[in-house]
Amino acid sequence: MAIAKAERLMNLALCLLGTRRPLTKRELRSSIEAYIEASSDDSFNRMFERDKDDLRELGLVIETVEGIEGDIGYLARRDSNRLPPITLDAEEAAALGLAAKIWQQARLAGAASGALQKLRAAGMPLAADSADYDAGQPHSALEPRIPAHEAAFEPLMLACRDRRPVVFDYRKSTAAHPEQRQVEPWILECWRGHWYVAGWDRERQAERVFRLSRITGKVRSRQGAFTAPVPDHVTVRETVESWAGETATGTARIKLRAEHGYPLRARALALRELGDGWDELEIPNGHGLDAWLVEFGPDVVVLEPAELRADVIDRLRAVAKG
């Protein structure tokens, strides 16, 4: 049905753009197959009015003209529907070309490819780097990639764009079972290979950041508008960094099993081999470090400070209780 509607809209748009004079409903019905197959005049009228509104919502300027004999006709003048000239400098064009290469998911890949083709046709300086890339001969040994394998990415992307509240089940790193969250999503951001969504948690009445890989089941849209204002600047990355202990207020000493916990080793300020398969690390200590350490399970033992050790033990006990 979606394909049939898209084809019907395309045919109607072509008819209105291709005519030199206004076309009446009668003429349009006899020219478009889907309208010819309408079971009645009422069915055709409803279908036509919906299609006309949809095309206008998509940006097509459709004029309504009254003829000499009182007949109402419709047309879409090419001059009224022609986009203004696109002017981009070399840096802007290069940025667009790079952004188009980044996306890997199918929904955005098609749109990005089509946008580049239109820009090339308009004479934008994209042909050189894009042609090499399309021919399988990239001009650089490094090509950026931002994969989005989580099923929640696409519905959340659309919800952020359309400002629609959503509901999903979310499993925290310290919980054995997921909990339902009602969220007004603001923005998606990728940080260290993981996607996060920031938004307003309705139940907790506060800003929250959720990691997409911890969303279980489907993301379901809800009717209605946002209840909280969307801030001009959403600090997703800064919030995630603070949860991961990046904004350190001190240091912590931990024991880490040898050949394990490479993300912790990468952030270590000092490392000492203890023997018996264990190492001692000094790492930055900030808000949320306890939640991150819990993810490493039995491979990590907190030595100090005592408050961090107690927080990690409490979280592990919560997980064990389910």
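The structure is a predicted model, in which local features require a pLDDT of at least 70 and side-chain atom pairs a pLDDT of 80 or more, whereas totals for chains, interfaces and linings draw on all residues. Residue numbers run from 1 along each chain as its sequence is written, and side-chain values rest on heavy atoms, with hydrogens and water left out.

The chain has twelve helices and twelve strands, taken as DSSP runs numbered from the N terminus (H or I over at least four residues for helices, E over at least two for strands). Among contacts in the chain with a separation of 6 or more, 54% are accounted for by residues 24 or more positions apart, a contact being defined by heavy atoms within 4.5 Å.

Helix α1, which spans residues 2–18, contributes five residues to the lining of the second largest pocket, the most of any contributor. This pocket holds about 430 Å³ of space, the volume being that filled by probe spheres set on grid points joined across faces, edges and corners. On a 1 Å grid over the protein atoms alone, a pocket is an open set of points with protein on both sides within 12 Å along at least five of seven lines, in contrast to a cavity, where a 1.4 Å probe fits but cannot get out, and lining residues have an atom within 4 Å of a point. The lining includes Met 10, Leu 14, Leu 55, Arg 78, Asn 81 and Arg 82. It divides into seven nonpolar, three polar and two charged residues, with Ala, Val, Leu, Ile, Met, Phe, Trp, Tyr, Cys and Pro counted as nonpolar, Asp, Glu, Lys and Arg as charged, and the others, Gly among them, as polar.

Arg 8 also lies in helix α1 and counts as buried because its relative accessibility is 13%. Beyond its neighbours within four places in sequence, Arg 8 is in contact with Ala 34, Tyr 35, Met 47 and Asp 51. Tyr 35 in turn belongs to a cluster in which ring pairs link it with Phe 44, Phe 48 and Tyr 74. Eight aromatic pairs are found in the whole structure, a pair requiring ring centres within 6.5 Å for Phe, Tyr and Trp (its six-membered ring), with planes under 30 degrees apart counted as stacked, over 60 as edge-to-face and the rest as tilted. Elsewhere, the charged end of Lys 255 sits over the ring of Trp 278, 5.0 Å from its centre, the criterion being NZ of Lys or CZ of Arg within 6 Å of the ring centre and within 35 degrees of the ring normal.

Several backbone features were also noted. Most residues other than glycine have a negative phi, and most peptide bonds are trans. The peptide bond from Glu 304 to Pro 305 is cis, with omega near 5°, and Pro 305 is found in the loop between β12 (300–304) and α12 (306–321).

Methods. Buried < 20%, exposed > 50% of the residue type's maximum accessible area, 1.4 Å probe, protein only.
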